[in-house]
Amino acid sequence: MRLSRRGMLRAGLAGTAATALGGLASGCAIPTGSTGRNMVLWYWDGGLGDTVVKKAKARYDSTVDLQAIKIGGYYRSKLLTTMTGRARIPDIAGLKGEDMASYLPDADQFIDLRTLGAEKYRSQYLPWKWQQGISDDGTMVGFPIDCGPVAHYYQYPVFQKAGLPHEPADVSRELNTWEKFFAAGEQLKKRIPGTYLLTDINSVFVNVVQQGSKRYVDKDRNFIGDQPHVRDAWALAVEAKQRKIVSNLVSGTPDWLSAVEDGKLPSNLNASWAMYDLKSGVPKTEGKWRVAQMPVRPSNIGGSFLAITKACREPEKAFEIITWMLNAANQGQGYADAGLFPSTPASYQLGQVRESNPFFGGQVTTDVFGPAAQRIAVAYNSPYDVALSQPILDEIKNVGVLGKDPKKAWSDAMSKCRRIADHLGVNR
């Protein structure tokens, strides 16, 4: 299933990430974001819960005129353009999780949240999520909004018909390795011809990499995309293709939607927010879906942050607003409003987060996503990861969709990565 709701991993997004803000002089931005009582917050549609934003405006109305503005289109580009131009810079800015690493080299353009007392809130948030907002020098740029723990979505009646485990606890327990997961795909295809466990092999590759603590570039600026953690993910993705458990369809197309609706694509590995894509994309499948833990261990896709720019005249007040908006109770409201899965474990016991979900047969999906969120590995995310992962993602897609020879595809991916690494000054 294509990760459409968050629009993540846009090709080439971080190609020049390390220098995107480099021309700005540290600490000299003209404070145009706020004037007097005004305080400007930038975010995108679905980036924060509407109820929480309204409550924040009302709560702080006596001291601040909080102007919360939804920015459409390519949010990151618009924010960078505004900051580079040093005019109309927002006081508080949302930072998408997939872009977070690309902002960290320019941490000096944001207020270090540690100086405002952020450390006392650390224990209330998922450790791996908290760490994602911190630069190599320890500066805290981003305060956690949500996260995107990945689980196994599947259609209960199709799995039952195929003789597979079909209760969520049984699926979690009996399909807990990639071998068992792939074998289930083979049984599904055998029992119900024309049915596939997964849409494409990219979902295998991406999630296997995301399960671990390494990505594509390490803290010392070395390219590690040719190491076993990536090669093993590549091998598993290729194996899924060879075992014929993935389709030839493209996520999001009419043919794909029809296949999902007809039960021909009854399964996918996706983040917590993807349940809203299913509800809007294939509403006729209501009641058929369940969620279980994915094989081996959970991964994460998406999840965002709030930051305070150096243009903010009242950073203490901005920080007070941020910490209130993103406390456990309000993160629970954000989940109810916009499907933003909380980065605050205390939220997982709130009634609005634990409501049974009719679309998922009355299942309390938090019972899956909550434990998954707490088991995600802490990983180092480099500002160069997106640029150096893109050739590998392109080539594994060529293997899956075009049938390209896997050895040739890997060789081509590594050649492209070496050129990009040289261009970005990444060691290899």
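Two strands pair if DSSP finds at least two bridges between them. Helices (H or I, at least four residues) and strands (E, at least two) are DSSP runs, numbered from the N terminus. This is a predicted model: local features need pLDDT of at least 70, side-chain atom pairs count only at pLDDT 80 or more, and totals for chains, interfaces and linings use all residues. Residue numbers start from 1 along each chain as its sequence is written, and side-chain values use heavy atoms, leaving out hydrogens and water.

- Five strands form an open sheet with mixed pairing, in the order 2-1-3-9-4.
- Its edge strands are strand 2 (65-70) and strand 4 (143-144), and each pairs on one side only.
- Helix 12 (residues 315-325) packs on this sheet and touches strand 1, strand 2, strand 3, strand 4 and strand 9. Contact means heavy atoms within 4.5 Å.
- The direction of helix 12 makes about 170 degrees with that of strand 9. Axes are lines fitted to C-alpha atoms, for helices over the stretch in contact, and angles run from 0 to 180 degrees between N-to-C directions.

**Strand 3 and its partners**
- Strand 1 (residues 38-43) pairs with strand 3 in the parallel sense, over two bridges. Leu41 stands opposite Ile92 in strand 3.
- Strand 9 (residues 305-308) pairs with strand 3 in the antiparallel sense, over four bridges. Ala93 stands opposite Ala307 in strand 9, and Leu95 has Phe305 as its bridge partner there.
- Ile92 and Gly94 point one way from strand 3 (residues 92-95), Ala93 and Leu95 the other way, and all are buried. Buried means under 20% relative accessible area, exposed over 50%, partly exposed in between (1.4 Å probe, protein chains only).

**Helix 15**
- The 18 residues of helix 15 (residues 385-402) should span 26 Å at 1.5 Å a residue, and the end C-alpha atoms are 25 Å apart, which agrees. The expected span is 1.5 Å times one less than the number of residues.
- Helix 15 is mostly covered, with 13 of its 18 residues buried.
- Gly403 follows helix 15 and has a positive phi, near 75 degrees.

**Nonpolar cores**
- A nonpolar core is a set of buried Ala, Val, Leu, Ile, Met, Phe, Trp, Tyr and Cys residues joined through side-chain atoms within 4.5 Å.
- The largest has 80 residues; Tyr153, Trp178, Val204, Phe205, Trp234 and Ile392 touch the most other members.
- Beyond four places away in sequence, the residues that Trp234 touches include Phe205, Ile392, Ile396 and Trp410.
- A second, separate core of 32 residues includes Tyr60, Leu113, Ala118 and Cys312.
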